[in-house]
Amino acid sequence: MANFGFIPVSLSTLYPTDGLGLDLYIRPQGYERPVLFSSGAPLQQQDLSRLEETGITKIYIRRESRPLYQEFLREHLDSWLNDAALPLSTRAAALNEVVRDTIGESFKSGKADAIVGAALRLGRCAARLLVGERVPFAHFARYLHHDHASSTHAANVCYYAVLLAAETGFCEADQAQIAAGALLHDLGMLEIDDRILTKDGRLEETESRQIRLHPANGFSRLCRRTDLSVGQLMMVYQHHERLDGSGYPVGIDGGEIHPWAKICAVVDVFAALTSHRPYRRALAHQKALEIMCRDGRTFDLELVRCWESLVGGLTRG
Ligand SMILES: [Fe+2]
């Protein structure tokens, strides 16, 4: 569909407010182009309910209004996360939009301080909402995106990692750290040429070698920081290591891989397989899990089984 200068946003991220100040558009069935729904006026609950009743889940804003919309979400995220009266759908959708946007923007800045600061703050937010409030996985999955943007991948790996960490018994403080580490896991990709990252076809050997440098690049960029733990650094450095020693950058075996990096490895591959790529559509959850279990010596199978039980809930939800 042509976008006509509009971008879709989840209806769930809007909440009755007088502070939005944006023109909102809807695209009724049969209309090619969005039409004006509300012109910067205070948003009332009955307006939102009216849309929900007609089955509308997406609303449109003008592309140039995106910074305003993102600012609105960022400004409200903390208070929304603490507001138990607010529907979980609003909080989950807002969290995901803010994580994707903020991480995307900080990656674009290329500044480690901005990226780490955002990851630490949003990692805590993700853990607080997903684990603290026991958000049903199936419920949260509705708000996820599956495009191949690096910020989408980082966000999904973050949510999956924190859920798997909680399920396997890591404490609250560790969960928040693991969530932040997951947001940072592919930081080293910033140094890889965009032409390689967005290439449609098969990579040349030299291009693959470039990609395989990203864990070491990320690690060397972050290893002197005092605000990251060893576990988080190992998520960055070891998330492509494999239990049988077939991974990179070093090819160490399972005994030497940090437990947080093992979690990151499982959810990183799952998130990649279940997202769209320029060269293939997203795989179904079950198909992705089958592929991951095909060679039982690659991933920690206990973690994969645990993840499968969570995803089972997701696919049934
Ligand atoms: Fe990676």
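What makes the arrangement of the 4 donor atoms around the iron ion irregular? The points below take this up first, then turn to the rest of the structure.

1. **Ground rules.** This is a predicted model, where local features need pLDDT of at least 70, side-chain atom pairs count only at pLDDT 80 or more, and totals for chains, interfaces and linings use all residues. Residues are numbered from 1 along each chain as its sequence is written, and side-chain values use heavy atoms, with hydrogens and water left out.

2. **The iron site.** The 4 donor atoms subtend angles of 85 to 173° at the iron ion, which makes the arrangement irregular. The protein donors are Asp186 (OD), His214 (NE2), His239 (NE2) and His240 (NE2). They lie 2.1 to 2.2 Å from the iron ion. Donors here are N, O and S atoms within 2.8 Å of the metal (3.2 Å for Na, K and Ca); water is not among the atoms, so sites may look incomplete.

3. **Spacing of the donors.** Along the chain, the donors of the iron ion follow D-x27-H-x24-H-H. His214 and His240 link distant parts of the chain, 26 residues apart. His214 is in helix α10 (residues 214–222), whereas His240 is in the loop between α11 (230–238) and α12 (259–273). Helices (H or I, at least four residues) and strands (E, at least two) are DSSP runs, numbered from the N terminus. His214 and His240 are both buried. Buried means under 20% relative accessible area, exposed over 50%, and partly exposed in between (1.4 Å probe, protein chains only).

4. **The largest pocket.** It holds about 1,700 Å³ of space. A pocket is an open set of points on a 1 Å grid over the protein atoms alone, with protein on both sides within 12 Å along at least five of seven lines; lining residues have an atom within 4 Å of a point. The lining has 47 residues, and Asp186, Met189, Leu197, Ile211 and Arg277 lie nearest the centre. Asp186 is also one of the iron donors. Helix α3 gives the largest share of this lining, 6 residues. By class, the lining has 17 nonpolar, 15 polar and 15 charged residues. Ala, Val, Leu, Ile, Met, Phe, Trp, Tyr, Cys and Pro count as nonpolar, Asp, Glu, Lys and Arg as charged, and the others, Gly among them, as polar.

5. In β1 (residues 6–10), 4 of the 5 residues are buried, so the strand is largely enclosed by the rest of the structure. β1 pairs with strand β4 (residues 58–62) in the antiparallel sense over 5 bridges. Two strands pair if DSSP finds at least two bridges between them. Ser10 stands opposite Lys58 in β4. Ser10 and Lys58 are also among the residues nearest the centre of the second largest pocket. About 530 Å³ of space lies in this pocket, and β1 gives the most to its lining, with 4 residues.

6. **Cys293.** This residue is found in helix α13 (residues 285–294). Cys293 is partly exposed, with a relative accessible area of 21%. The C-alpha atoms of Cys293 and Arg128 are separated by 31 Å. Along the chain, the two residues are 165 residues apart.

Conventions:
Four donors count as tetrahedral if all angles lie between 85 and 135 degrees; four count as square planar and six as octahedral if opposite donors are over 155 degrees apart and all others between 65 and 115; anything else is irregular. On a 1 Å grid over the protein atoms alone, a cavity is a set of points where a 1.4 Å probe fits but cannot get out, and a pocket is an open set with protein on both sides within 12 Å along at least five of seven lines; lining residues have an atom within 4 Å of a point. Grid points are joined across faces, edges and corners, and a volume is the space filled by probe spheres set on the points.
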